[in-house]
Amino acid sequence: MPREGRAVPDATASSGVHGSGTQPETGAGRVPVLGRPGAERGAVGGAAEVAGRARRGGLGRRAESLAAAESGPVEVVAHRVGLAYREHGGVCHALRDVGLGLRGPGFVGIAGPSGSGKSSLLYLLAGLKRPTTGRIVALGREMDQLSPTERCLLRRRYFGFVFQQPFLIHFLTAAENVVVGAPRRDRAARGMAEALLGRLGLAGCCGRLPHELSGGQRQRVAAARALMNEPRILFADEPTAALDRASAEELMGLLHDYRHGHGALLAVVSHDETVTAAADAIVRMWDGRIRAIERPG
Amino acid sequence: MFGVLGFPLYLLRNRGRALALLVVVVLAVMEVSTVALLTGSMLGDLRLTMVAPFQYFTEIVASDALVPPSIAQSVAAQPQTKLLLPMIPEVIRVNTLIGPGTRNVFAVPTAFMTWFLRRIGERLIIGRLPAASVAEIALPRRVMENRHLRLGDMVGQQVDPNEWMPGEFRIVGILGGTLNAGITSYEAMRSFTALAAVPGVASYAAFAQPGSRRAMDAYLSTLPLDQVRVYTEGAEEQAYHQDVRMLDWLLWSINLVTVGVLAVAMGLLNNLYYMQRMDEYGILAAIGFTHGLLLRRAFAEVLAITSISWSAGLGLTVALRGVLARWLFAPHGISLPSLDLRDIVFTLPIPLLISVFTLATVLRRLTRLDPVSVVERRD
């Protein structure tokens, strides 16, 4: 069994750890896949069972079309993706021809200087942006083939998000903010949210409004919201940037606990080397391309 | 609809914002419904005196001085005519919401008074009917209250120069009914007119046989115009609408401008609120809430606050009118209409236009919402 963090080629890649955006010698279609293959989350039933579970999870009629996302590998692959913006009459390339695969369970860090394209890459992988070139396959589904609504539902059911700012809804209590992340916002979700906050050491804060919480507490509430749907892939964009060291360690500990406990894939964009130090693999970005892929330890 | 993202919780937790919208809409509803009340009252008065009596009879008035006897005989002989009654239409002054107004007083032969009253839906409730050829009058209860009159009081131009009705009549009875018309002796009233010394009849009320009103009016409309003028219900209704059409158009224009300005102002305020909430909508979109769901949420919030405000406005209007009617207007004999369809029709554009304007602008903003532009922001 490959050790955690080892890059494994997918069906289109031959071997090695390469970013196709920086090392053209790998050739078109070579996509390094990072993570631990063969350690998929267990207890995944047949298509009907999966669809039923997805429906109960709040996906409704579109559940069956996304059922593959539940039963497929915990994997998101970028196939030679590019992202360009129109800016001041010109074109700004945020990403150029990036090929990368992330496979769970595992922890992949994405690092690089400001403007290197690391956040853009994360947003593409998470379906928050659409690539101008190339394609993304997440949980076995071609993102391009999903309707905007299906992409939303994929995010809502199978992805979790932690951003630099917690973006809590100001008039909802901590527990209610966490419930927002649940696929179904019913009484059971409320109980689950309170239990989750309890595990995060925020049991006494369930009824507090965001402005009554500290920055670290708010970010933990945001993390709890991201975990409410038990995501298969957890995306975090500079989750600790606004936190002090202790709060940052606490938050990352929480995310690690989750991915260990649920066999999830954790993809974290961060400037902070201490955050990515524990990663199975670190993707280093530079000027919209993958400069290197490192495997700490 | 409900739950943590439902509008009840939003309104409850954002009472300050909701209250600001509520107060403005409530005041607007009260203002517009007051305009509706005043104009409705004025139009109601006009209808009561101009059109309402003609649903019971058709009036034939001499073009010159007297109706030629041959015409009267011809009308009376028609099979569709039940009764051709000499009648002098007069009016008595009343106070209304918008100033002086009038109510009808019909002078008919004493022998036909009871029949006439029954026919026009009025009845004697206190006192007695005027005696034959005596200057006595029975007035509607509302006119008595309005003018603070009592049985035995005198009314008419000889008593009060501001009065419309000629002569001097003693009040001997109080009438009840919807037409609010008074009744007096034809002979007595005639004695106060310019034609007192001339034999003949200046005007008649023509009553049709049951089911023959249309036929009777058709016949009456063939009478020579140079000798008589005929006032049918249809013609009076038409004349009324012509008279009030311009007024109504003007009122609606003013109302729509008022409501339009209000809607734009409220829409901008709502827009400001939603701009302040773009983080909220952005994060919801980022974590997977569809645009459709977010639009429905905004729609429900806007519709809820405007509907609640509108209902509260109408409720407060009813309450306020009740208080004013009881303590201010009733003592002056002025009846204040309660809430009616006109209030609803006049005020309904307020929540509708506010909702439409707000939704049009907010929905545009939400459909263009890029969640990344929200979550990418680094503070």
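1. Burial first: of the 379 residues of chain B, 36% count as buried (20 or more other C-beta atoms, placed from the backbone, within 10 Å of the residue's own). Keep in mind that this is a predicted model, where local features need pLDDT of at least 70, side-chain atom pairs count only at pLDDT 80 or more, and totals for chains, interfaces and linings use all residues. Residues are numbered from 1 along each chain as its sequence is written, while chains are lettered from A and ligands numbered from 1 in the order in which they are written.

2. On overall form, the C-alpha trace of chain B spans about 100 × 45 × 30 Å along its principal axes.

3. Now a helix pair. The axes of α2 (residues 15-50) and α8 (residues 233-276), both of chain B, come within 11 Å and cross at roughly 180 degrees; axes here are lines fitted to C-alpha atoms over the stretch in contact, and angles run from 0 to 180 degrees between N-to-C directions. That makes α2(B) roughly antiparallel to α8(B) (angles over 145 degrees).

4. Who meets whom there? Leu21(B), Val25(B) and Leu43(B) are among the α2(B) residues in the contact, and the α8(B) side includes Tyr240(B), Leu251(B) and Met266(B). Contact means C-beta atoms, placed from the backbone, within 7 Å.

5. Between chains, the contact takes 22 residues from chain A and 21 residues from chain B. On the chain A side, α4(A) gives the most, with five residues.

How values were computed
Contact = placed C-beta atoms within 7 Å. Helix = DSSP H or I, 4+ residues; strand = E, 2+ residues; numbered from the N terminus. Parallel < 35°, antiparallel > 145°, perpendicular 65-115°, else oblique. Buried ≥ 20, exposed ≤ 12 C-beta atoms within 10 Å, placed from the backbone.
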